[in-house]
Amino acid sequence: MWIRLVNKLGGTHQGYFLPHEGANNVAYALFTFPSLAAYEEYRVKMALDAECQEAYKFAEETKCILSYESSFMRPIFE
């Protein structure tokens, strides 16, 4: 659900990634925004968007997301 929603609200969803070896209870969802301000706008839009609210409800009901952590990174080489 989130790939389309992130893209719809101004970001670029880079996909989901699972470890090839090692821990089997961790996955990474990577997405980018043109700026921190654009990400903050996304957060406001996301909270008001009906489709995003449905996606959150789905995650709560199915428990497909057990925990959520976010990190903000920037490329070393541009």
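Predicted model: local features only at pLDDT ≥ 70, side-chain atom pairs only at ≥ 80, totals over all residues.
With a relative accessibility of 73%, Glu 69 counts as exposed. Its C-alpha atom is 9.7 Å from that of Tyr 28, a residue 41 positions away along the chain.

## The largest pocket

Glu 69 and Tyr 28 turn up together again here: along with Ala 29, Phe 31 and Tyr 68, they are the lining residues nearest the centre of the largest pocket. That pocket holds about 1700 Å³ of space, and 41 residues line it.

Several elements contribute to the lining, with at least two residues each from helix H1 (2–8), strand E1 (12–17), strand E2 (28–32), helix H2 (36–48) and H3. Sorted by class, the lining has 28 nonpolar, eight polar and five charged residues.

## A network of salt bridges

Side chains of opposite charge can pair when their charged atoms come close. Searching the whole structure turns up three salt bridges, and a network of them links Arg 4, Lys 8, Asp 49 and Glu 51.

Let's take the pairs in turn. Glu 51 bridges to Arg 4, with 2.3 Å between the closest N and O atoms. Because Glu 51 belongs to helix H3 and Arg 4 to helix H1, this pair ties together parts 47 residues apart in sequence. Glu 51 is partly exposed at 29%, as is Arg 4 at 47%.

Asp 49 meets Lys 8 at 2.9 Å, N to O. Asp 49 lies in the loop between H2 and H3 and Lys 8 in helix H1, so this contact joins parts 41 residues apart. Asp 49 is buried, at 12% relative accessible area, while Lys 8 is partly exposed at 40%.

Glu 51 and Lys 8 also form a salt bridge, at 2.5 Å from N to O. This pair links helix H3 with helix H1 across 43 residues.

Note on methods: Residues numbered from 1 in each chain as written. Heavy atoms only, no water. Buried < 20%, exposed > 50% of the residue type's maximum accessible area, 1.4 Å probe, protein only. 1 Å grid on protein atoms, 1.4 Å probe; cavity = no way out; pocket = protein on both sides within 12 Å on 5 of 7 lines; lining within 4 Å. Points joined across faces, edges and corners; volume = space filled by probe spheres on them. Helix = DSSP H or I, 4+ residues; strand = E, 2+ residues; numbered from the N terminus. Nonpolar A, V, L, I, M, F, W, Y, C, P; charged D, E, K, R; others polar. Salt bridge = Lys/Arg side-chain N within 4 Å of Asp/Glu carboxyl O.
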